[in-house]
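Subject: Structure handover

Hello,

Here is the structure I promised to pass on. My notes follow below it.

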Amino acid sequence: MTIKSRFWISLIFSLPMFFEMILKPFGWMLPGHTYTMFILTTIVMAISARPFLHSAWAAFKNHHANMDTLVAIGTATAYVYSIYAMFTGQDVFFESAAFVITFILLGQVFEEKMRNNANSSVEKLLNLQVKEAEVIVDGKSQMVPLDDIKVGDVIRVRPGQKIAVDGEIIEGSSTVDESMITGESMPVTKKVGDKVIGSTLNNTGTFLFKADKVGKDTMLAQIVEMVKKAQNSHAPIQKTADKIANIFVPVVLIIAILTYLVWYVFLGNSNISSLLFAVSVVIIACPCALGIATPTALMVGTGRSAKMGILIKDGEVLEATDKIDTVVFDKTGTITEGKPKVTDIIGNKDEVLQIAASLEKNSEHPLATAIMDKATEQQLELFEVNEFKAVEGKGITGSIAEQRVVVGNTKLIEDWNISQELQEQMKNLQSEAKTVVVVGKNDEVIGLIAIQDIPKATSAKAISDLKKRGLKTVMLTGDNQQVAEVIANEVGIDEVIADVLPQDKAHHIEMMQDQGRNVAFVGDGINDAPALTTANVGIAMGAGTDIAIESGGIVLVKNDLEDVVKALMMSEKTFNRIKLNLFWAFIYNGLGIPVAAGIFSGIGLTLSPELAGLAMAFSSISVMISSLMLNKVKIA
C-alpha cells in the first residue's frame, strides 16, 4: 500500500475523533464514545501504522534502533495504555495515537511529492527521446523504431526534428539546439564530420548522419544512468548521521522514561499526564528529517547539475570536492582547443596562404589541416600544383604557373634567400611557442605562417575564477616546457609541470597528494585516465574518450572549462546544503525534547503528542524545502 493511501485511511478514521475533540466542550461526543475511538484507532494502527511497527520490530531483532522505533513506541504506548484505561474506567487518548500517525504520514506524503519533483530531471531526460527515425536503406528511406536502429545506420534528419541517436554527419549541414543535453543556450553549427547528440533538436537544415552509438551507449542514456546512480548514492557524511541516529534513538527512549518517572513519581502528576509527556518526547524526537537530509539534497543537486551539462557520479564525489585546494589541468584538448590553428601570416597574406594551401591540400598532417581551414575561412581559390613532391621531415615542393614553390620548415629552404626582417619575425614567433611554416617562391622566402594550438576562449576566465576561489592551478602536460609556459602565462596558470610522459601523470598527482594537497584533475584523453582515477576528484571533459569519461567522478558534457568552476560550485552548494539540513534536523530535535518533556510547562509551553507529531512532520517538510532551494541558488 502506498504512503498516500495509508495517509488517506488514517485521515478518514481520525477525523471523527478530531471533530469530537473540537465539539466536546459543546456537549457533542461520538456515538459509543470510547469504544468507537478504540475501533477507529485500531483500524489506523492496523493499516496505516503497520509499516512503522514492522520496521521497528525488524530493527529490534537486529539489535538496532531506527527512526520508526520512536514512532512505533510512541503510538503503541498511547494505544496500549488507552486500551488499559478503557477497561479500568480512566481517561483514554486513542486520538493521540491516530493523530500522530496521520501527521507523520502527512509529512511523508509531502516528502514523497517533493522527492518526485526533485527526481523529475531523469524523467524529463528520458522524455527527450524520439520514438522512431528516418533510416536510409539501399537509397530508400523508411521509418524505423528507435530500439531497432543499429550502429552504422544512415539517418536523415529534417528541420524541426529531433536527432535519434549519437553519430557523425556525412552529408549536409545545419544548426542544432543542444541545450537539453549540454545546457548551451545558443544553437551549434554542424557540418560534415561533426558529431551530433541523440535527442537534440535540428533547427534549419537537412542532413544525413551515420549512427555510432545507440541504446544504452548514447550520451543521453549515459547521462540518465549517471544521474540515477548519483541520486541513489550516499555521501560519507550520511554514515556519520546514521551512527548518531543509532545512538540518538536509545537516548531518547531513556529521556522519555525519565520524563515519565519525574512527572509521576517525583512531581506527583497523574499517570495519564505523565505518560503524555513521555509519549510527546518520543514523537518530537523522531529524527525523520535526519534521514532525508542527505538524499534529498543529493537528488536536487545532481538533478540540477545534469540540466547544466555537469554529471556528478555520486555523493562521495560531492564530499571530496568540498576539500579540493588544487586543480590540475591537462593541456591539449582541455585548456587548448586540441586543434592547431593559424595565428599569424607574415608577407602578402592572400598569396602566402594560397600557395601554402594549394601545396597542402592533399596532406593529412595537422599543420596542413590548420592551413586548409584558414584558406577555407578566407574563401581563397587554390592553384593547380604540378611536380608535387613531399620531402620527408622538411615539407612539400611543387610548381604553380611554372614557378617553383615550397612550404615547410627551415630545413627545406637552407639555400634560399630570406630577409633579415623575416628571420627576426620567425624568432619572435618561435619565442611565443608557435610552429612556423616557411613559404617560398623562386628560391626566395615570401612569407611565414605561424600555427599554434590556441587556448579555448573560456580557459582564461575559468582559471581566473578558480583562483578567486582560493584554488591553486597547475598544468600537467607532455608538451615541452617553452610551449607549456606560454600557454600557462596566457591563461593564468600558477604552476607548470611539462615534459611528463602519459604513464607518469598519475605519479605527479600522487606526489601532490603526499604534500597534503587535495587534488582535482581535469583531462580528456586516454592517457589522462590514470590521473583522473588517482586524483581526489577526476573531472572528465565530455568531448574526450570514453575511458576518460568513465574514469572521471564528474563529467562535463559541454567540454567547457567554465563548467569546472560551475561543477565545483554546485558540488560545494549541495554539500553545504546537506550539512545545513543535518544541523537543523539535530537542532530541531534538541530544542523540541525539553518542550515536549514539560520543562517549560510552568509558563504554559507544552506539546501534546498530536502536536509533537505535527511538528515532527513539518521538520521533514522543512528539510525538503531546504533541499529544493538548491534549484534557486546562483551558480556563476
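Strand β16 (residues 435-441) and strand β17 (residues 444-452) pair in the antiparallel sense, over 7 bridges. Strands here are DSSP E runs of at least two residues, helices are H or I runs of at least four, and both are numbered from the N terminus. Two strands count as paired if DSSP finds at least two bridges between them.

A word on the basis. This is a predicted model, in which local features need pLDDT of at least 70 and side-chain atom pairs count only at pLDDT 80 or more, while totals for chains, interfaces and linings use all residues. Residues are numbered from 1 along each chain as its sequence is written, and side-chain values use heavy atoms, with hydrogens and water left out.

The sheet
β16 and β17 belong to an open sheet of 6 strands. Its order is β12-β17-β16-β15-β14-β13, with antiparallel pairing. β12 (341-347) and β13 (386-391) are the edge strands; each has a single partner, so one side of each lacks a neighbour in the sheet. From one strand to the next, the twist averages 15 degrees. Helix α15 (residues 420-431) lies across β12, β16 and β17. Its angle to β17 is about 10 degrees. Such angles run from 0 to 180 degrees between N-to-C directions, with axes as lines fitted to C-alpha atoms, for helices over the stretch in contact. Contact means heavy atoms within 4.5 Å.

Two residues to look at
S10 is in helix α1 (residues 3-23). S10 counts as buried because its relative accessibility is 0%. Buried is under 20% relative accessible area, exposed is over 50%, and partly exposed is in between (1.4 Å probe, protein chains only). Beyond neighbours within four places in sequence, S10 contacts V44, S48, A98, I101, T102 and L105.

F266 is in helix α8 (residues 236-266). F266 is exposed, at 66% relative accessible area. F266 is also one of the residues in a nonpolar surface patch of about 880 Å², together with I254, I257, L258, L261, V262, Y264, V265 and L267. Nonpolar patches join side chains of Val, Leu, Ile, Met, Phe, Trp or Tyr within 5 Å, from residues with over 30% relative accessible area and no salt bridge. A salt bridge is a Lys or Arg side-chain nitrogen within 4 Å of an Asp or Glu carboxyl oxygen.

Whole chain
There are 22 helices and 22 strands. Of the 636 residues, 50% are buried.

Best wishes

Notes. Patch = residues over 30% accessible without salt bridge, like charges linked within 9 Å, V, L, I, M, F, W, Y side chains within 5 Å. Areas by Shrake-Rupley, 256 points an atom, 1.4 Å probe, with all protein chains shown as cover.
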